[in-house]
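User: Hi! I am new to reading protein structures and would like to learn on a real case. Could you walk me through this one?

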Amino acid sequence: MPPGAERGGGELSIAAGEAASLGTVDEVAAALAGQGYLADRSLATAIFLGAELELPVLLEGEAGVGKTETAKALAAATGARLVRLQCHEGMDLHHALYDWDYARQLLSLRAAELAPGAAQPPELFGREFLLRRPLLEALEHPGPVVLLIDEVDRADDEFEAFLLELLSDFQVTIPELGTIRAEGRPLVIVTSNRTRELHDALKRRCLYHWIDYPSREREEEIVRARLPGVPEAIAARVCTAVERLREEELYKLPGVGETVAWARALLALGAPNAPLADTLGVALKVREDIDRVRETGVLSGV
Ligand SMILES: Nc1ncnc2c1ncn2[C@@H]1O[C@H](COP(=O)(O)OP(=O)(O)OP(=O)(O)O)[C@@H](O)[C@H]1O
Ligand SMILES: [Mg+2]
């Protein structure tokens, strides 16, 4: 949440155990805006439909366009708990779903050995020793949940296959405990930076939405929503600069997050007219890009 902004959570409400309904598309957009997140109508529609049709929403887009933030804002706006699974290479079920607390199991065994016949032998694979990882937590949470499966393109194929199963039935089987079913369906947001193509089977189970860079006017609104009270000159300046940078052939284009950070940097400097070339590192993170922008003078006059 931007500093200084007052936000009330829970403008939209979902009761635990019910199919989530988010009212109308306009209400979704308004509730997200209440959290400082300005969603396009098409994104608000995808989220609304995801809840109505009980489908995960798959968000793709360049870095920093607001994919992760969508889920955060949605959780805050619905008063739901945000459960986030950050995907990474080599991720397996023990990172994502559950694990056993081996240290506590060992301690418990030792204690049982030291006090023979005292109590029942410990049930090592019971709930007492279960570690809930994000997916299990989302399934078992008694209240409304927004489940964010972030950067799914970083996980590998086997994990994607497992997700496919989970997302279709919302239940999992843990051999030692049996089948666990979600009471109410979480709202699910899956994000991908498209470092690889996802499997069609996964895409088919989701509503797909591509988040584009916002228009120049929209980006200014976003900067103002994120930094209430930001001087107009700063908001306009960074948005013009970013718009120009996005027209260049750079390795890494600045996202909306960088635009907001740039405005914040100029605010921190207390000098709205400070040369942008001195603060380029807020927006660009590749040395060659910075050199190129300085050499070509793309930002001159901004
Ligand atoms: N539509 C928007 N409304 C308000 N703020 C936004 C919007 N889009 C992006 N932002 C801002 O941009 C920042 C970066 O967004 P976020 O982290 O969600 O991007 P991302 O698409 O997940 O990027 P990455 O691919 O790098 O993970 C957010 O913290 C937020 O401040
Ligand atoms: Mg992200």
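User: Let me start with a detail: which residue is the bridge partner of glutamate 60 in β9?

Analyst: Tryptophan 210 is the bridge partner of glutamate 60 in β9. Before we go on, please note that this is a predicted model, in which local features need pLDDT of at least 70, side-chain atom pairs count only at pLDDT 80 or more, and totals for chains, interfaces and linings use all residues. Residues are numbered from 1 along each chain as its sequence is written, while chains are lettered from A and ligands numbered from 1 in the order in which they are written.

User: How do I read a sheet, and what is the strand order in the open sheet of five strands?

Analyst: The general idea is that strands of a sheet pair through backbone hydrogen bonds, either parallel or antiparallel. Two strands pair if DSSP finds at least two bridges between them. In this open sheet the order is β2-β5-β8-β1-β9, and the pairing is parallel. β2 (81–86) and β9 (207–211) are the edge strands, each pairing on one side only. On average, neighbouring strands of this sheet are turned by 20° against each other, direction ignored. For such angles, axes are lines fitted to C-alpha atoms, for helices over the stretch in contact, and angles run from 0 to 180 degrees between N-to-C directions.

User: How many bridges join β1 to β9?

Analyst: Five bridges join this parallel pair. β1 also pairs with β8 in the parallel sense, over four bridges, and there valine 57 stands opposite isoleucine 189 in β8. Moving along the sheet, β5 (residues 145–150) and β8 (residues 187–192) pair in parallel over four bridges. Within β8, leucine 187 is the bridge partner of valine 146.

User: Is β1 largely enclosed or largely open?

Analyst: We decide this by counting neighbours: a residue is buried if 20 or more other C-beta atoms lie within 10 Å of its own, exposed if 12 or fewer, and partly exposed in between, with C-beta atoms placed from the backbone. Four of the five residues of β1 are buried, so β1 is largely enclosed by the rest of the structure. Across the chain, buried residues make up 34% of the 302 residues.

User: Which strands does helix α3 lie across?

Analyst: Helix α3 (residues 67–78) lies across β1, β2, β5, β8 and β9, and runs at about 170° to β5. Ten of its twelve residues are buried, so α3 is largely enclosed by the rest of the structure; among the buried ones are Lys67, Leu74 and Thr78. From its first C-alpha to its last, α3 reaches 17 Å, close to the 16 Å expected at 1.5 Å a residue, where the expected span is 1.5 Å times one less than the number of residues. Just after α3, glycine 79 takes a positive phi of about 70°.

User: How many residues surround ligand 1?

Analyst: A residue is near a molecule if its C-beta atom, placed from the backbone, lies within 6 Å of it. Here 20 residues surround ligand 1, and the closest are Gly66, Lys67, Thr68, Glu69 and Gly257. The elements that give two or more residues to this shell are α3, α9 (216–226) and α11.

User: What does valine 260 contact beyond its neighbours within four places in sequence?

Analyst: Two residues are in contact if their C-beta atoms, placed from the backbone, lie within 7 Å. Valine 260, in helix α11 (residues 256–269), is in contact with Val223, Arg226 and Leu227 when those sequence neighbours are left aside. Valine 260 counts as buried because it has 22 C-beta neighbours inside 10 Å.
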